[in-house]
Amino acid sequence: MCGVVGVYAPGHDVARLAFFALYALQHRGQESAGIAVADGATIVCHRDMGLLSGIFDEDVLTRLRGYIAVGHTRYSTTGSSVVVNAQPLLERAAFGDVTLAHNGNLTNTDDLRGTLSAATVLQATSDSEVLAKAIVQAPGDDLVAKIRYTMGRAEGAYSSVMSTEKALFAFRDPWGVRPLCYGRNPGGGYVFASESCALATIGAHFIRELEPGEIMWVDGDGLHCEKIAQPKPQALCMFEYIYFARPDSLLDNRSIYMARLEMGRQLAREYPVDADVVMAVPDSAIPGGIGYAEEARLPYVEGLIKNRYIGRTFISPDQGMRNRGVQLKFNPIVENLKGRRVVVVDDSIVRGTTTPRIVKLLRDAGAREIHVRITSPPIIDPCYLGVDMATHEELIAANFTVDEIREKIGADTLGYLSKEGLLTAVKRKRGEMCLGCLTGEYPETYVARPSAAMTAR
Ligand code: SF4
């Protein structure tokens, strides 16, 4: 999980445009962030640990002058959470400066590392640095040729934005695991971003998503695109629909909000229950909660108020931080809960540490019955394609039955959306999405590389 942004807009304050676009992608990573700016002659990069608001101020943004910007907000998957792994990465190559921002996980990092020259010094510990160096060292007269060559060898997820001093590049792996879209900057130029909400934030007009295996680039001659990799079985991450992407984003030309609303409706059809009110765990489960309430013809109420200044529990890098976050994060609205039979809709149960605390909060607030409904099927396997979910041992649904989980979380009833119900809600067929963590069946990019589990955290 990371967010990437690329801006090519001569005559505009591209650092500021990238900054606000990244702000809209802060939910995709809160550990570190950075912006690199190219001015035609060189690239200057500023990156650090923490949230965007703590890394960039007026002075920093004013110093980042140029007409191309590449931005990144990071949550670590491979490579630890330290500043050397913060992105964009900057490579001082013989042919000039290059900067890269990458979202995803490679599944053949070791193979790719083995192709680097013996003199290569790796400073970071992430697969992204291997990808950047592999591109820089690839044969080819220009960066498009080098990217094309590397895309023929890299496996896994890599929605990326890259720039030289004079041109901006964006490319998406042939499986299309992570999203990447682009639009037109109203005053001239183009913007690339992980999600369309980032384009909307800076007033850019969404054009379309990059196709899997497509590379696009912008230079003094305008916008160019090329489908450079052979099509592969599509493997867009289902969790982009369930949890990761912002509800105001479009994915595959579908509104994330509408997809989540439908997940809630479908869940109500699959797991109805006699209850008084429906609530959702804020924020990402809210559309699902509204959908459930609509279908069940029950009132939707706010049962928990979230302190939005404490990071998302799922996204925190260690268990200690997660535990503290849960305690501090929610306050119940007693008036909406006391004496009532409550349906609580959430988007997922990963380790099963957050849900019992929420159930207890609601019981302490006076809820008479608590019926937990989850808008995803049980997560039974880890992710090797860019999401640090948990290990197999940590995943509660990999180790316990639904009824055992219900007992552990302290709910009166528990219902998970079925896999077929989920596919119906997002209007996709099996084989068109990655459902690996829900089915144990991974897309070709991972299946072909069983050793990936050793390189991906
Ligand atoms: S394994 Fe799960 S989280 Fe990972 S890409 Fe596939 S659907 Fe997404």
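Helices here are DSSP runs of type H or I with at least four residues, numbered from the N terminus. By that count, Val359 belongs to helix α13, which covers residues 354-364. The model is predicted. The protein has 19 helices and 23 strands.

**Overall fold**
- The radius of gyration of the protein is 22 Å, which agrees with the value near 23 Å that a compact globule of 457 residues would have.
- The C-alpha trace spans about 70 × 45 × 40 Å along the principal axes of the protein.
- Of the 457 residues, 54% count as buried.
- Among contacts with a separation of 6 or more, 71% come from residues 24 or more positions apart.

- Val359 has 22 other C-beta atoms within 10 Å, and a residue counts as buried at 20 or more, so Val359 is buried.
- Beyond its neighbours within four places in sequence, Val359 contacts Ile370, Val372, Ile409, Gly410 and Ala411.
- Asp412 is 53 residues from Val359 along the chain, and the C-alpha atoms of the two are separated by 9.8 Å.

Technical notes:
Residues are numbered from 1 along each chain as its sequence is written. This is a predicted model: local features need pLDDT of at least 70, side-chain atom pairs count only at pLDDT 80 or more; totals for chains, interfaces and linings use all residues. Helices (H or I, at least four residues) and strands (E, at least two) are DSSP runs, numbered from the N terminus. The radius of gyration is taken over C-alpha atoms; the globule rule is 2.2 Å times the number of residues to the power 0.38. A residue is buried if 20 or more other C-beta atoms lie within 10 Å of its own, exposed if 12 or fewer, and partly exposed in between; C-beta atoms are placed from the backbone. Two residues are in contact if their C-beta atoms, placed from the backbone, lie within 7 Å.
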